[in-house]
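Dear colleague,

Please find below the structure that I am handing over to you.

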Amino acid sequence: MNPTEYFDEFAKRYNHYKGGSWCYEDGCVYRGLSLLFDATGETRWKAHLHRLADQQIAADGALSGYDPQEYNIDNILAGRALFPLAEGADDVRYRLAADRLAGQLETHPAFPPAITGTRSAIRTRSGWTGCIWDCPSRSNMRR
């Protein structure tokens, strides 16, 4: 089986990683499908993308299981799929969903200008950044 056949079979059998909630892991698959479509021009990749992502995007742009107040930056990656989904589609929900994600970025907490070295500098520790705060070498930075 060649790589494109393998990924086609993978995409056919793929189930949403977190039971249908908008998430980083699904976004990685969506990004792969988008890149395969760009590279090959084969419509099967865009069809897989629509089949999977459309289930998570409501008509009003609401994303299944997405809560912007969680401030989980990992959820933004899947949002990159909204651009190829919107391309050539006469459906406003992709734009509405992108607006929701952009709204999170407008209010997302950021590092303060002077890093204090305390955990209170960031509201949430999620995804791959959680381990940074428990790193022993960071204890030298706290004063």
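In what follows, angles under 35 degrees count as roughly parallel, over 145 as roughly antiparallel, 65 to 115 as roughly perpendicular and the rest as oblique. Please note that this is a predicted model.

I begin with a pair of helices. The axes of helix H1 (residues 3-13) and helix H2 (residues 24-40) cross at roughly 135° and come within 12 Å. H1 and H2 are therefore oblique to each other. The crossing in which H1 passes H2 is left-handed. On the H1 side, Phe7, Phe10 and Ala11 make the contact, and they meet Val29, Gly32, Leu33 and Leu36 of H2. By class, six residues of this contact are nonpolar, one is polar and none is charged.

Not counting residues up to four places away in sequence, Phe7 touches Val29, Gly32, Leu33, Leu36 and Trp45. Phe7 and Trp45 are 38 residues apart in sequence, with 9.4 Å between their C-alpha atoms.

I turn next to the nonpolar core. The largest one has 23 residues, of which Trp22, Leu33, Ile57, Leu82 and Leu85 touch the most other members. At least two residues of this core come from each of H1, H2, helix H3 (43-53), helix H4 (74-79), helix H5 (82-86) and helix H6 (93-107). Leaving aside neighbours within four places in sequence, Ile57 is in contact with Trp22, Ala62, Leu63, Leu82, Leu85, Arg93, Tyr94 and Ala97.

Yours sincerely

Note on methods: Residues are numbered from 1 along each chain as its sequence is written. This is a predicted model: local features need pLDDT of at least 70, side-chain atom pairs count only at pLDDT 80 or more; totals for chains, interfaces and linings use all residues. Side-chain values use heavy atoms; hydrogens and water are left out. Axes are lines fitted to C-alpha atoms, for helices over the stretch in contact, and angles run from 0 to 180 degrees between N-to-C directions. Helices (H or I, at least four residues) and strands (E, at least two) are DSSP runs, numbered from the N terminus. A crossing is left-handed if the near helix is turned anticlockwise from the far one by less than a right angle, and right-handed if clockwise. Contact means heavy atoms within 4.5 Å. Ala, Val, Leu, Ile, Met, Phe, Trp, Tyr, Cys and Pro count as nonpolar, Asp, Glu, Lys and Arg as charged, and the others, Gly among them, as polar. A nonpolar core is a set of buried Ala, Val, Leu, Ile, Met, Phe, Trp, Tyr and Cys residues joined through side-chain atoms within 4.5 Å. Buried means under 20% relative accessible area, exposed over 50%, partly exposed in between (1.4 Å probe, protein chains only).
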